[in-house]
Amino acid sequence: SPLYIDVFNNFKIYPRIQKLTERDYFRYYRVNLNRPCPFWADDSHCSIKDCQVEPCPEYSQVANANTDIVDCEQAQDLGAINSTLSNYSKEAFEDWARHDDAQDHFCELDDETSPDADYVDLLLNPERYTGYKGPSAWRVWNSIYEENCFKPRSVYRPLNPLVPPRGKGCSSSLCLEKRVFYRLISGLHSSINIHLCAEYLLAEGWGKSLWGPNVQEFRQRFDPAETKGEGTRRLKNLYFLYLIELRALSKVAPYFDRAFVNLYTGDRQEDQASKELLLQFFNETKAFPMHFDEKSMFAGQKIEAKTLKEEFRLHFKNISRIMDCVGCSKCRLWGKLQTQGLGTALKILFSEKEIKNLPEHSPSKGFQLTRQEIVALLNGFGRLSTSIHQLHSFRALLKEKR
């Protein structure tokens, strides 16, 4: 039940995942934020690279006095990436790359090998409200939901991405796995919206910004009365996503249990402490008594399951490419990270047999995780854990207002 998940998360999981994601291994994420949008010309609210003001649409004299320009200037400040890194960190990253290259990895992801990919300090770039909204943001999410429909390959992109899909997300006639895909995307959307409502810019002045929960914004997105009952379903999908990723984390523990798997930063004490924290965290995930049973999913014939796994992988890769159309660097960063985290969780659930058969003292060709996947998996779940924690706070605030 949601209440049990709330208690388990807020007291057992949330404090541990917060500590873990502050460690050096988990706080730096390598990402390419400069890739052009592959699906439509960039006409977003602000420019892609630093959410600068210049590319905003031209307005009349009257419109210039209105809020669109203010919004865009605000988005310039709030959406820009803080790219500050110490010289020590920059030298360490070269060492990390050499270490990772020496590993026997199963797969690579586009962003990791790109010369335009840079490390970003996630602690300096918290996910929160940036002012990025309107038709540009709506179009990105609409295109992501279109991926749910598992359309024939000949239909590469909706003809008009601003037209919502026909029917109820075209999930009624789809197999269980494809309905699951829709619920996962909806849960991710809900989680991101909760973070934006909880870390909202409430006031600016004298060089200091006041951030905090915006109850009205939360109600607009999740109150059953204001969403025609849709808010309840969105929150159910959030809990569903949480359970899926929690299950994946409990399943992948044996991968990290092996002595030769280390969280390499070059500082042996730091690495040892990080691994101990990670294994304690996995013990908590395994102790959860109401785990999602994924046996009904991905349970078809071996060839069918393999085909479905590849289909899921391609859809998540495509969603990651849609994230290149997000017109705000900070939103793009967290969108790419959380998408990759979810994709990694599904990779784990699809690979149960390979994980069970892992050799104790050497890497396996059947199942490997790159540093990027590990960082995305833990930080992505950390975002979910935070959204459940924030949801609890919003419920308390709404009770007070009644």
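Me: What makes the pairing between the side chains of Arg221 and Asn193 a polar contact?

Reply: In this predicted model, the two side chains come to 2.7 Å. A polar contact needs N or O atoms within 3.5 Å, so Arg221 and Asn193 qualify at 2.7 Å.

Me: What else does Arg221 touch, not counting residues up to four places away in sequence?

Reply: Besides Asn193, Arg221 touches Cys197, Thr227, Gly231 and Arg234. Arg221 itself sits in helix 9, residues 215–222.

Me: Why is Arg221 called partly exposed?

Reply: Its relative accessible area is 26%. Buried means under 20% and exposed means over 50%, so Arg221 at 26% falls in between.

Me: How do you know that Glu217 forms a salt bridge with Arg221?

Reply: Look at the closest N and O atoms: they are 2.9 Å apart. The cut-off is 4 Å between a side-chain nitrogen of Lys or Arg and a carboxyl oxygen of Asp or Glu, so Glu217 and Arg221 pass. As a general point, side chains of opposite charge can pair when their charged atoms come close.

Me: Why are Glu217 and Arg221 about one helical turn apart?

Reply: Because they are four residues apart in helix 9.

Me: Is Glu217 buried or exposed?

Reply: Buried, because its relative accessibility is 17% and the limit is under 20%.

Me: What makes Arg219 and Asp223 a salt bridge?

Reply: Their side chains meet at 3.1 Å, N to O, and the limit is 4 Å. Arg219 counts as partly exposed at 31% relative accessibility, whereas Asp223 counts as buried at 17%.

Me: And why is the Asp324 and Arg332 pair called a salt bridge?

Reply: The N to O value is 4.0 Å, which is set against a cut-off of within 4 Å; the pair is listed as a salt bridge.

Me: How many salt bridges does the structure hold?

Reply: The structure holds 14.

Me: Which residues does the UniProt "binding site" annotation cover?

Reply: According to that unreviewed UniProt entry, they are Arg128, Thr130, Trp141, Ser186, His189 and Arg221.

Me: Where does Arg128 lie, and why is Arg128 called partly exposed?

Reply: Arg128 is in the loop between strand 2 (118–121) and helix 7 (135–147). Its relative accessible area is 25%, so Arg128 lands between the 20% and 50% limits. Leaving aside neighbours within four places in sequence, Arg128 is in contact with His195, Leu196, Glu199 and Trp211.

Terms used
Residues are numbered from 1 along each chain as its sequence is written. This is a predicted model: local features need pLDDT of at least 70, side-chain atom pairs count only at pLDDT 80 or more; totals for chains, interfaces and linings use all residues. Side-chain values use heavy atoms; hydrogens and water are left out. UniProt positions are given in the numbering used here, feature names are shortened, and annotations may be inferred rather than shown by experiment. Helices (H or I, at least four residues) and strands (E, at least two) are DSSP runs, numbered from the N terminus. Buried means under 20% relative accessible area, exposed over 50%, partly exposed in between (1.4 Å probe, protein chains only). Contact means heavy atoms within 4.5 Å. A polar contact is a pair of N or O atoms within 3.5 Å; within protein, one must be able to donate a hydrogen and the other to accept it, and residues adjacent in sequence count only if both atoms are side-chain atoms.
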